[in-house]
Amino acid sequence: MNKLKKRLLNLSIGEFAATCVFIYIYISSSLITIGIANLIAFLYLVFILIQGSIYWFYKYRLIVKKEQPNPKAVKLLSNLRKLNMVIALAIILTIPIIKSNYKDLLIAIGLVLFGIIEYINYYWYQLSYGASGFNIKILLDKGLQKSSIAKTIDKKS
């Protein structure tokens with residue numbers, strides 16, 4: 001398996017594993033009192049992470065089969081990019097109203113911010129650079145680069 005195929009498969013598996021770990025920690029953590037606001041924010045984060053995992057697996061399959069992205073898949077990605085923004089805005093506007101208490105609100109804010117950062121990372125700009133995941137020197141030298149999904153969507157638009 002060449003490096004690109006291995007990297008894409010690892011990204012897909014890694015995103016899925018991270019999602020499973022987040023779900024486990026969220027459910028089993030005694031530090032988190034599950035309130036409706038942080039539950040909704042958490043579900044948004046999980047929704048975004050699953051999209052990343054599926055995308056990287058799809059990209060892996062395209063490389064293996066030596067195919068170009070299907071126009072229907074590109075349209076789905078484009079629609080998800082819009083839907084994710086609408087959901088994020090709805091959550092941001094809703095969590096202050098539906099919070100159980102301030103702990104619920106703070107956890108919800110943290111989770112929704114994490115989800116938005118992942119959304120930007122997947123659908124707009126690559127936020128991780130270098131082998132360590134984040135290298136400020138590379139970021140400053142090269143500037144923000146379009147994400148893989150953004151390139152796929154823009155290429156077919």
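A polar contact here is a pair of N or O atoms within 3.5 Å; inside the protein, one atom must be able to donate a hydrogen and the other to accept it. Keep that cut-off in mind for the first stop. The model is predicted.

**Stop 1: Ser147**

Select Ser147. It sits in the loop between strand 2 (145-146) and helix 6. Is Ser147 buried or exposed? At 2% relative accessibility, Ser147 is buried, because the limit for that label is under 20%. Now show its side chain and the backbone of Tyr122. The Ser147 side chain comes to 2.7 Å from the backbone oxygen of Tyr122. Leaving out residues up to four places away in sequence, Ser147 touches Asn121, Tyr122, Tyr123, Trp124, Tyr125 and Gln126.

**Stop 2: Tyr123**

Move to Tyr123, one of the residues that Ser147 touches. Which residues does Tyr123 contact, apart from neighbours within four places in sequence? From 71-98, the span of helix 3, pick Leu77, Leu80, Arg81 and Asn84. Keep Arg81 on screen for the last stop.

**Stop 3: the largest nonpolar core**

Select Tyr44, Ile95, Tyr122, Tyr123 and Ile149. Among the 28 residues of the largest nonpolar core, these five touch the most other members. Colour by helix next. Helix 1 (3-28), helix 2 (36-65), helix 3 (71-98), helix 4 (102-123) and helix 6 (148-156) each contribute at least two residues to this core. Which helix gives the most? Helix 2 does, with eleven residues.

**Stop 4: the salt bridges**

Side chains of opposite charge can pair when their charged atoms come close. How many salt bridges are counted in this model? The count is two.

Select Asp154 and Arg81. Their salt bridge has its closest N and O atoms 3.8 Å apart. Asp154 is in helix 6 and Arg81 in helix 3, so this pair ties together parts 73 residues apart in sequence. Compare the two ends. Arg81 is buried, at 11% relative accessibility, whereas Asp154 is partly exposed, with a relative accessible area of 33%.

Lys146 is partly exposed, with a relative accessible area of 40%. Keep Arg81, Lys146 and Asp154 selected together: they are linked in a network of salt bridges.

Note on methods. Residues are numbered from 1 along each chain as its sequence is written. This is a predicted model: local features need pLDDT of at least 70, side-chain atom pairs count only at pLDDT 80 or more; totals for chains, interfaces and linings use all residues. Side-chain values use heavy atoms; hydrogens and water are left out. A nonpolar core is a set of buried Ala, Val, Leu, Ile, Met, Phe, Trp, Tyr and Cys residues joined through side-chain atoms within 4.5 Å. Buried means under 20% relative accessible area, exposed over 50%, partly exposed in between (1.4 Å probe, protein chains only). Helices (H or I, at least four residues) and strands (E, at least two) are DSSP runs, numbered from the N terminus. Contact means heavy atoms within 4.5 Å. A salt bridge is a side-chain nitrogen of Lys or Arg within 4 Å of a carboxyl oxygen of Asp or Glu.
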